[in-house]
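Notebook open, model loaded. I'll jot things down as I look them up.

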There are 2 protein chains.
Amino acid sequence: MPDPVTIWTYDWVPEGPRGFVRDLRLRWACEEAGIAYDVRSVAFEDRATNHLDRQPFGQVPMLEDGEVRLFESGAALIHLARRSEALMPRDPAGEAEALQWLVAALNSVEMVSVPWWFLTISGEKDNKLTGWMDQRLGQLEAVLAEREWLAAGRFTAADLLMADVLRVGLLRKHGERPASEAYVARVTGRPAFAKAHADQLAHFGAADKHRETETA
Amino acid sequence: MPDPVTIWTYDWVPEGPRGFVRDLRLRWACEEAGIAYDVRSVAFEDRATNHLDRQPFGQVPMLEDGEVRLFESGAALIHLARRSEALMPRDPAGEAEALQWLVAALNSVEMVSVPWWFLTISGEKDNKLTGWMDQRLGQLEAVLAEREWLAAGRFTAADLLMADVLRVGLLRKHGERPASEAYVARVTGRPAFAKAHADQLAHFGAADKHRETETA
């Protein structure tokens, strides 16, 4: 048995982001691939500065796998995907197809959706990124109307990431996207997602109890 | 000799984006690695729909390498980097470090800089992404003040990509970033960048001449 990998996240976050912190992507990948993992924490307080030696933007997650240390959930996901055929095909054409869709989630969809979301929750519901967001979601809808999975005719790490990008309530704010909605339901309906999601909620919930004890 | 790879770009673009179209990232990588390549074109006119079978967002570049076909410049760059130690170290720790910084350029820097730029050229000079942009550039400046290259103590594909992300005139709009400016000058001072840049300008310039002939 190889040693377990270590996934680093915060020790606590407020209610809002629970279930969406990006350590979930790595928990989920490990669950899909049967890779053993531990979860460890850095403090949410002072997060902007307390782990800059390991994550220069003050974010989580980080991944440790033996001598390999990685930040950026997308990079850690590519690393895990190369360890297991459950996450990425081994043939060069299939691997490339999964890689292109994984990067598309990061750099063609999330590059629009995250700033769009940021402007929206900042009070700009009709912001100048809305047209761009609609265009991207429409292009993706056309793809997902034609196939069940993004790459290689099967579930891959690209679906894990794209579904995680899309599941933040983006779709219903942008009109009818039935193929995309069915896709997100299909991918997040996998048992490995349910396990990762429940474990993240339990992790942050346990910190609530600890906080209550400390202040009792 | 392996067959040359094929880089696909547009046949023509207006003056503004010349020198910045993302086929440059792949030309530059091939030049660094000594990988033979051809450049082929799809029409700029009707670009939103004329190559959706190969690029679902209507963008360029695409890369062909034997049976492997990839869109997303970041994914194509990772593919090329794995072919050549000139672009990415072969040891697992060094490879992971290059990969994390390559993804950081796509998903922690460009995810802010591209939408920030879009809002700025849309007339919103003081937009709500400005604070986030400043924070990211400040975090990156702290990293680049300490080292010459992002990963593994040497030039890698991560520097190629990060310098390409930063060279769009971002830095001077956000105060003094001397380490970042020196870094961009260092990376884009490489002969492979100059060759790729000149070749892209020549490619689009040749299309100008062709258009003049056609309308003469």
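At roughly what angle do the axes of H3(B) and helix H5 (residues 157-166) of chain B cross, and within what distance do they come? I get a crossing of roughly 10°, with the axes coming within 8 Å. Axes here are lines fitted to C-alpha atoms, for helices over the stretch in contact, and angles run from 0 to 180 degrees between N-to-C directions. That makes H3(B) roughly parallel to H5(B) (under 35 degrees is roughly parallel, over 145 roughly antiparallel, 65 to 115 roughly perpendicular, the rest oblique).

Before going on, a note on what I'm looking at: this is a predicted model, where local features need pLDDT of at least 70 and side-chain atom pairs count only at pLDDT 80 or more, while totals for chains, interfaces and linings use all residues. Residues are numbered from 1 along each chain as its sequence is written, and chains are lettered from A and ligands numbered from 1 in the order in which they are written. Helices (H or I, at least four residues) and strands (E, at least two) are DSSP runs, numbered from the N terminus.

**H3 and H4, chain A**

I checked helix H3 (residues 92-121) against helix H4 (residues 130-144) in chain A: they pack at about 140°, axes 10 Å apart. H3(A) and H4(A) are therefore oblique to each other. On the H3(A) side I listed A:Ser108, A:Val109, A:Val112, A:Ser113 and A:Trp116; H4(A) brings A:Thr130, A:Trp132, A:Met133, A:Arg136 and A:Leu140. Contact means C-beta atoms, placed from the backbone, within 7 Å. By class I have six nonpolar, three polar and one charged residues in this contact (nonpolar: Ala, Val, Leu, Ile, Met, Phe, Trp, Tyr, Cys and Pro; charged: Asp, Glu, Lys and Arg; polar: the others, Gly among them).

**Chain B against chain A**

I then looked at where the chains touch: 35 residues of chain B are in contact with 35 of chain A. Strand E4 (68-71) and helices H2 (73-83), H3 (92-121) and H4 (130-144) of chain B each give two or more residues to that side. H3(B) supplies the largest share, 16 residues. I sorted this side of chain B into 22 nonpolar, seven polar and six charged residues.

How do the copies relate?

Is helix H1 (residues 23-33) of chain B largely enclosed or open? Nine of its eleven residues are buried, so H1(B) is largely enclosed by the rest of the structure. Among the buried ones I see B:Trp28, B:Cys30 and B:Glu32. Buried means 20 or more other C-beta atoms within 10 Å of the residue's own, exposed 12 or fewer, partly exposed in between, with C-beta atoms placed from the backbone. Just after H1(B), B:Gly34 takes a positive phi of about 70°.

Last stop was B:Thr6, in strand E1 (residues 5-10) of chain B. With 16 C-beta neighbours inside 10 Å, B:Thr6 counts as partly exposed. Not counting residues up to four places away in sequence, B:Thr6 touches B:Tyr37, B:Asp38, B:Arg40 and B:Glu64. I also logged B:Asp65, 59 residues from B:Thr6 in sequence and 6.6 Å away in space, C-alpha to C-alpha.

Methods: Contact = placed C-beta atoms within 7 Å.
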